[in-house]
Amino acid sequence: GLDQPLHERYFAWLTQALQGDFGFSRMFARPVLDVLLPRLGNTVVLMGLAFTLSVAIALPLGIEAARKPYGAFDNSVNLFCFAGISVPTFWLALLLIILFAVILGWFPASGAGEGGFGDRLRHLILPVLTLTVANIGHYTRYVRAAMIETMRQDFVRTARAKGVSEEGVVWRHALRNSLSPILTILALSFGSLFSGALITEIMFAWPGMGKTMFDAIQANDYNLALVGLLFATLTTLLGSLLADLAYAWADPRVRLDARA
């Protein structure tokens, strides 16, 4: 249909896309969805593990740093966060490959593993570690800033004056009211869970969405690249919607009114 007007070609593509037909990949000579779906699973495993570990570590770090701001522990956490934010991802990946794959020989340097669960897990460790270190700094800083602002509010002083324990003040009162900005940051990261981490996937030759879209653009495989980018856009929009819904759960002052 390349001899047809642009609007007719777009309408034909949109009609086929709504029916689940996104065309064929030039690189793989297979339907686009047959190429993307296995790579989507690889990306969800990689990014999901890195995201879970990053949040699980960043939350307690940020909370503890905010309890005594500008103290020794807070300064140490800030130094760690700035180091993690400043280190280039590709350089960190190279260091991990040299240390753990080349010198020590503990983990493979690239690939996704062709064996069972244990082999696949060994191939996951280095890319997950790279993404976790790269993300912890960002999340910790946001948690710390939100908690410091909340801990200065009047209701926190009131809770302490009423005899609520320090753990109760921090975890039941302050954290709940600090979740809105934290949820926003986590929602913005939702799209990357499905679109992949380009640099990390290339460095470790991980067959995920990011590397696949990069290879498709390099090879002028427009069908494959377009569908990958379209899916990443849709998941980012879905993450924003989930964040809006989560606000009502985290903050009792926010309500979703059907009449609105």
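Reader: How many aromatic pairs does the structure hold?
Author: The structure, which is a predicted model, holds 4 aromatic pairs.

Reader: What is the geometry of the pair formed by Phe100 and Trp106?
Author: The ring centres of Phe100 and Trp106 are 5.9 Å apart and the planes meet at 40 degrees, so this pair is tilted. An angle under 30 degrees would count as stacked, and one over 60 as edge-to-face.

Reader: And how do the rings of Phe100 and Phe107 sit?
Author: Their centres lie 6.1 Å apart with the planes at 50 degrees, so the pair of Phe100 and Phe107 is tilted.

Reader: Which residues make up the aromatic cluster with Phe100?
Author: Phe100 forms one aromatic cluster with Trp106 and Phe107.

Reader: Is Phe100 buried or exposed?
Author: Phe100 has a relative accessibility of 17%, so it counts as buried; the cut-off for that class is under 20%. Phe107 is buried as well.

Reader: Changing topic: which residue lies over the face of Tyr70?
Author: That residue is Arg144, at 5.6 Å from the ring centre of Tyr70.

Reader: Where is Tyr70 placed, and what is its phi?
Author: Tyr70 is in the loop between helix 2 and helix 3, the latter covering residues 72–86. Its phi is positive, about 65 degrees, although Tyr70 is not a glycine.

Reader: Is Tyr70 buried or exposed?
Author: Tyr70 has a relative accessible area of 60%, so it is exposed.

Reader: What about the backbone of Ala29?
Author: Ala29 is a residue other than glycine with a positive phi, near 55 degrees. Ala29 belongs to the loop between helix 1 and helix 2, where helix 2 spans 32–67. With a relative accessible area of 62%, Ala29 is exposed.

Reader: On to open space: what volume lies in the largest pocket?
Author: The largest pocket holds about 430 Å³ of space. It is lined by 14 residues, and those closest to its centre are Leu2, Arg9, Tyr10, Trp13 and Asn223.

Reader: How does the lining of the largest pocket divide by class?
Author: The pocket lining comprises 7 nonpolar, 5 polar and 2 charged residues.

Reader: Which residues line the largest cavity?
Author: The lining is made of Val55, Ala58, Leu59, Tyr139, Tyr142, Val143, Ile182, Ile185 and Leu186. Helix 2, helix 5 and helix 7 (166–188) are the elements giving two or more residues to the lining of this cavity.

Reader: How does the lining of the largest cavity divide by class?
Author: The cavity lining has 9 nonpolar residues, with no polar and no charged ones.

Reader: One more residue: where is Thr140 found, and what does it touch?
Author: Thr140 is found in helix 5, which runs over residues 117–151. Leaving out residues up to four places away in sequence, Thr140 touches Ala58, Leu61, Gly62, Val77 and Cys81. Ala58 is also one of the residues that line the largest cavity.

Reader: Is Thr140 buried or exposed?
Author: Thr140 counts as buried, because its relative accessibility is 1%.

How values were computed:
Residues are numbered from 1 along each chain as its sequence is written. This is a predicted model: local features need pLDDT of at least 70, side-chain atom pairs count only at pLDDT 80 or more; totals for chains, interfaces and linings use all residues. Side-chain values use heavy atoms; hydrogens and water are left out. Rings of Phe, Tyr and Trp (its six-membered ring) pair if their centres lie within 6.5 Å; planes under 30 degrees apart count as stacked, over 60 as edge-to-face and the rest as tilted. Buried means under 20% relative accessible area, exposed over 50%, partly exposed in between (1.4 Å probe, protein chains only). A charge sits over a ring if NZ of Lys or CZ of Arg is within 6 Å of the ring centre and within 35 degrees of the ring normal. On a 1 Å grid over the protein atoms alone, a cavity is a set of points where a 1.4 Å probe fits but cannot get out, and a pocket is an open set with protein on both sides within 12 Å along at least five of seven lines; lining residues have an atom within 4 Å of a point. Grid points are joined across faces, edges and corners, and a volume is the space filled by probe spheres set on the points. Ala, Val, Leu, Ile, Met, Phe, Trp, Tyr, Cys and Pro count as nonpolar, Asp, Glu, Lys and Arg as charged, and the others, Gly among them, as polar. Helices (H or I, at least four residues) and strands (E, at least two) are DSSP runs, numbered from the N terminus. Contact means heavy atoms within 4.5 Å.
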